[in-house]
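Q: I have a protein model open and would like to learn how to read it. Can you take me through it step by step?

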Amino acid sequence: MTTPVLPHSPEALIATYEGVNLVGGAKVPAAATLPVMNPATGAQIGLAAASDEAETAVAIEVAAAAFTAWSQTPARARGKLVAEAARALSANAEVIAQVLARETGKAIRTECRGEVATAIDILDFYAGLGSELKGETVPFHPRSLTTTIREPLGVVGAILPWNVPLVLMMLKIAPALVAGNTVVVKASEEAPFATFAMVDLIARILPEGTVNVINGTGPACGAPLCAHPKVAKITFTGSEAVGQAVYEAAAKKIIPVSLELGGKSPMIVCADADLGKAVSGAISGMRFTRQGQSCTAASRIYVHADLMEPFLSQLTEALEKLKIGDPLDESTDVGTIINAKQAKVIRDFVAKAEETPGARVLRFGQLPEGTDLSPDLFLQPTLLMDLPADHPCIQQEIFGPVAYLEAWTDYEEVMAKANDTHYGLAASVWTTSLSTALDSTARLNAGYVQVNQNLTIQPNVSYGGFGRSGLGKEASLEAMLAHFTRSKTIVLNFD
Ligand code: NAD
């Protein structure tokens with residue numbers, strides 16, 4: 001098979017997907033469009049489809065029609081096509097990353113290339129798991145064969161946010177496809193074009209209608225996708241409020257739903273931690289180079305009082321070195337916030353901290369000046385200190401480059417503080433003591449707990465939150481089996 005090739009320039013690639021959905025391998029024009037902006041410049045980069053209920057239904061019907069043939073394709077054959085798609089994506093990775101940087105405002109060097117590579121890695125990982133769709137045999141009766149088999153669910157609706165759209169999409173569609181489901185992706189209306197490019201390449205390799213992508217707003221396109229009778233499963237990543245609406249829509253049809261929602265993840269640095277590693281872990285964990293726009297951001301950092309002074313001084317030095325600027329400039333570390341609405345939300349949180357008596361607000365790095373860049377969407381990495389435990393900046397997700405930092409001395413107290421939010425997505429502990437590591441990881445109320453590292457999503461490492469952070473797991477074999485298949489019990493009796 002010849003590897004499909006996308007246009008080499010990001011502008012030409014964006015133009016390819018203007019005003020259309022990709023349904024059944026074809027570009028289907030939408031009646032209305034919505035503008036997609038480059039947050040770094042404020043310029044419009046293209047007009048994306050603004051699908052309505054009827055246009056959404058067309059994609060679902062096409063995916064439903066493709067289901068029988070795809071679900072009956074042997075699992076390893078499905079996996080081989082998915083592996084082929086991963087190779088096609090690798091061959092086109094750079095232009096996809098360039099589009100992603102333009103629509104998200106994330107820096108090309110520190111974020112976008114890595115995101116494309118991780119998305120491809122996840123697809124490649126799942127491609128090999130077709131033969132793991134195993135059932136069980138049950139010792140029901142000696143003269144009967146009782147067994148369970150894994151079946152795909154049907155049409156999966158995958159709804160994406162804008163912050164890491166490609167990786168989060170792949171966590172959904174790669175296991176869904178390998179398990180034999182067909183898919184309708186609902187792109188994020190803030191950043192749809194790189195998503196379209198990836199789905200386009202996969203769709204050119206898989207049978208017609210197996211994978212489709214539509215764009216539109218949440219109410220006009222996302223909600224009808226959830227409500228449609230032929231959608232058998234919704235997998236959603238986004239905000240808590242929309243997650244609740246998606247859950248309600250799924251409840252009305254009694255269909256399974258996976259939700260990856262927000263977080264307020266603690267990072268606990270113990271007195272015996274390796275200081276250098278903890279400082280770099282705070283920068284990578286807080287996703288400062290993604291402007292903190294991450295659900296797993298280590299946004300509450302508790303440092304043992306014995307280490308606080310050198311920790312803060314080394315963190316300050318490192319944050320001051322981060323270059324904030326044009327996402328397309330190879331020397332830039334930190335790009336822009338996605339849009340003015342989000343930037344205001346972040347500024348309002350920081351203003352609440354500034355109004356709090358005794359609080360400290362520390363900002364680092366230089367905002368870009370004297371360029372064509374949109375000044376309002378660049379924010380400095382910021383640390384907040386000395387806030388009361390119930391402050392909104394400690395309890396609520398800010399989704400910006402703003403972390404809370406506090407010194408601790410009492411282990412019991414810091415464990416209680418770490419667990420004192422309604423979220424439960426991720427946590428990390430920094431210690432050289434195995435017993436502290438084992439004790440703290442057992443106590444922390446989070447779905448993804450790391451010791452001495454703050455890595456992001458890794459293939460085959462189950463990822464998903466507790467509490468208001470969501471329902472279900474992603475990224476692993478366990479996630480594919482639990483969330484993209486159903487188990488059927490079969491009893492054969494020839495007695
Ligand atoms: P959002 O909830 O506003 O939108 C997410 C998606 O849902 C978009 O595609 C949107 O169009 C769609 N949508 C909106 N209303 C809908 C409805 N009624 N029915 C169906 N779909 C609807 O989130 P966002 O602003 O795009 O992303 C930021 C949020 O995502 C943050 O709160 C962040 O914590 C969360 N997030 C979570 C994870 C995770 O893995 N837990 C990862 C990334 C982002």
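Q: Is tryptophan 162 buried or exposed?

A: First, a word on the model. It is predicted, so local features need pLDDT of at least 70 and side-chain atom pairs count only at pLDDT 80 or more, while totals for chains, interfaces and linings use all residues. Residues are numbered from 1 along each chain as its sequence is written, and side-chain values use heavy atoms, with hydrogens and water left out. Now the term: buried means under 20% relative accessible area, exposed over 50%, and partly exposed in between (1.4 Å probe, protein chains only). Tryptophan 162 has a relative accessible area of 14%, so it is buried.

Q: How many aromatic pairs does a search of the whole structure find?

A: A pair of aromatic rings is described by the distance of the centres and the angle of the planes. Rings of Phe, Tyr and Trp (its six-membered ring) pair if their centres lie within 6.5 Å; planes under 30 degrees apart count as stacked, over 60 as edge-to-face and the rest as tilted. The search finds four aromatic pairs. One of them joins tryptophan 162 and phenylalanine 399. Their centres are 5.5 Å apart and their planes are at 75°, an edge-to-face pair.

Q: Which parts does the pair of tryptophan 162 and phenylalanine 399 tie together?

A: Elements come first. Helices (H or I, at least four residues) and strands (E, at least two) are DSSP runs, numbered from the N terminus. Tryptophan 162 sits in the loop between β7 (155-159) and α6 (165-178), and phenylalanine 399 in the loop between α13 (392-395) and β16 (402-408), so the pair ties together parts that are 237 residues apart in sequence. Phenylalanine 399 is buried too, at 15% relative accessibility.

Q: What makes the pair of tyrosine 448 and tyrosine 463 edge-to-face?

A: The planes are at 85° and the ring centres 5.9 Å apart, so this pair is edge-to-face. Tyrosine 448 lies in strand β18 (residues 448-451) and tyrosine 463 in the loop between β18 and β19 (470-471), so the pair ties together parts 15 residues apart in sequence. Tyrosine 448 is buried at 9% relative accessibility. Tyrosine 463 is buried at 3%.

Q: Which lysine lies over the face of phenylalanine 484?

A: A charge sits over a ring if NZ of Lys or CZ of Arg is within 6 Å of the ring centre and within 35 degrees of the ring normal. Lysine 233 lies over phenylalanine 484, at 5.2 Å from the ring centre. Lysine 352 lies over the face of phenylalanine 349, at 5.3 Å from the ring centre.

Q: What is the volume of the largest pocket?

A: Rolling a probe the size of a water molecule over the atoms shows where empty space is left. The grid is 1 Å, over the protein atoms alone; a pocket is an open set of points where a 1.4 Å probe fits, with protein on both sides within 12 Å along at least five of seven lines, and lining residues have an atom within 4 Å of a point. Grid points are joined across faces, edges and corners, and a volume is the space filled by probe spheres set on the points. The largest pocket has a volume of about 1100 Å³. It is lined by 37 residues, and the closest to its centre are Trp162, Phe236, Gly238, Ser239 and Val242. The elements that give two or more residues to this lining are α8 (218-227), β10 (231-237), α9 (240-253) and α12 (340-354).

Q: Where does the second largest pocket lie?

A: Domain bounds come from an automatic or database domain assignment. Domain 1 (10-261 + 469-491) and domain 2 (266-458) both give residues to the lining of the second largest pocket, so it lies between them. This pocket holds about 440 Å³ of space. Its lining has 24 residues, and Glu111, Arg287, Arg290, Thr456 and Ile457 lie nearest its centre. Helix α5 gives the most to this lining, with five residues.

Q: What is the phi of glutamine 291?

A: Most residues other than glycine have a negative phi, and most peptide bonds are trans. Glutamine 291 is not a glycine, yet its phi is positive, about 60°. Glutamine 291 is in the loop between α10 and β13 (300-304). Its relative accessibility is 1%, so it counts as buried. Alanine 475 also has a positive phi, about 85°.
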